[in-house]
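Subject: Structure handover

Hi,

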Amino acid sequence: PLTRGADVYAQQCQSCHVLDGKGDREAPEHTAFGSRAWILGLLHDPKGDKYFGPTEIDDMKSMSKLGEPSLKAITEFLF
C-alpha cells in the first residue's frame, strides 16, 4: 500500500486535485493539505482557487471577521 499510493493518487485523484504542482485544479489543492498554513488559508478564503473555489460547493464563508487571534486558535485546534 505505501508504494502503490502514488500510483493510485495519479490515476484517481490528480484529474481534479493539484499536488506539488501536478494535476488539475477542479477541487481543493492537496499541496500542504492539513498543514497550519493550509488550514489558516482555508479559514480566510474558502472560495479561493486553492480551496473550494473551483467546486460547486459555496456554503462556506470566510471566517476573517473573527480576527487573526481567533483564526490562529481554530487553526491550532484543527491541526
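Where is the place of Pro54? Pro54 sits in the loop between α2 and α3. Helices here are DSSP runs of H or I with at least four residues, strands are runs of E with at least two, and both are numbered from the N terminus.

Two points on the source. This is a predicted model, so local features need pLDDT of at least 70, side-chain atom pairs count only at pLDDT 80 or more, and totals for chains, interfaces and linings use all residues. Residues are numbered from 1 along each chain as its sequence is written, and side-chain values use heavy atoms, with hydrogens and water left out.

**Pro54 and its contacts**

Pro54 is partly exposed, at a relative accessible area of 31%. On this scale, buried means under 20% relative accessible area, exposed means over 50%, and partly exposed is in between (1.4 Å probe, protein chains only). Leaving out residues up to four places away in sequence, Pro54 touches Arg25, Glu26, Ala27, Gly48 and Asp49. Contact means heavy atoms within 4.5 Å. Glu29 is 25 residues from Pro54 along the chain, and their C-alpha atoms are separated by 10.0 Å.

**Salt bridges**

There are two salt bridges in the structure. The criterion is a side-chain nitrogen of Lys or Arg within 4 Å of a carboxyl oxygen of Asp or Glu.

One joins the side chains of Glu29 and Arg25, at 2.4 Å from N to O. Glu29 is buried, at 9% relative accessibility. Arg25 is partly exposed, at 39%.

Glu76 and Arg36 also form a salt bridge, with their closest N and O atoms 2.6 Å apart. Glu76 is in helix α3 and Arg36 is in helix α2, so this pair ties together parts that are 40 residues apart in sequence. Both residues are partly exposed: Glu76 has a relative accessible area of 43%, and Arg36 has 41%.

Arg36 can also be placed against Lys72. The two are 36 residues apart along the chain, and their C-alpha atoms are separated by 8.7 Å. Lys72 belongs to helix α3 (residues 68-78). Lys72 is partly exposed, at 47% relative accessibility.

**Nonpolar core**

Which residues make up the largest nonpolar core? There are seven: Trp38, Ile39, Leu40, Leu42, Leu43, Tyr51 and Leu71. Helix α2 (residues 36-44) gives the most to this core, with five residues. A nonpolar core is a set of buried Ala, Val, Leu, Ile, Met, Phe, Trp, Tyr and Cys residues joined through side-chain atoms within 4.5 Å.

Take Ile39 from that list. Not counting residues up to four places away in sequence, Ile39 touches Gly34, Thr75, Leu78 and Phe79.

**Aromatic pairs**

The structure has two aromatic pairs. In the Phe33 and Trp38 pair, the ring centres are 4.8 Å apart and the planes are at 65°, so the pair is edge-to-face. The rule: rings of Phe, Tyr and Trp (its six-membered ring) pair if their centres lie within 6.5 Å, and planes under 30 degrees apart count as stacked, over 60 as edge-to-face and the rest as tilted. Phe33 is exposed, at a relative accessible area of 54%. Trp38 is buried, at 7% relative accessibility.

Trp38 also pairs with Tyr51, edge-to-face, at 5.1 Å centre to centre and 75° between the planes. Trp38 lies in helix α2 and Tyr51 in the loop between α2 and α3, so the pair ties together parts that are 13 residues apart in sequence. Tyr51 is buried, with a relative accessible area of 6%. Phe33, Trp38 and Tyr51 form one aromatic cluster.

**Cysteines**

How many disulfides does a search of the whole structure find? The count is zero. A disulfide is a covalent bond between the sulfur atoms of two cysteines. The cut-off used is a pair of cysteine sulfur atoms within 2.5 Å.

Cys13 is partly exposed, at a relative accessible area of 24%. Cys16 is also partly exposed, at 30% relative accessibility.

Best wishes
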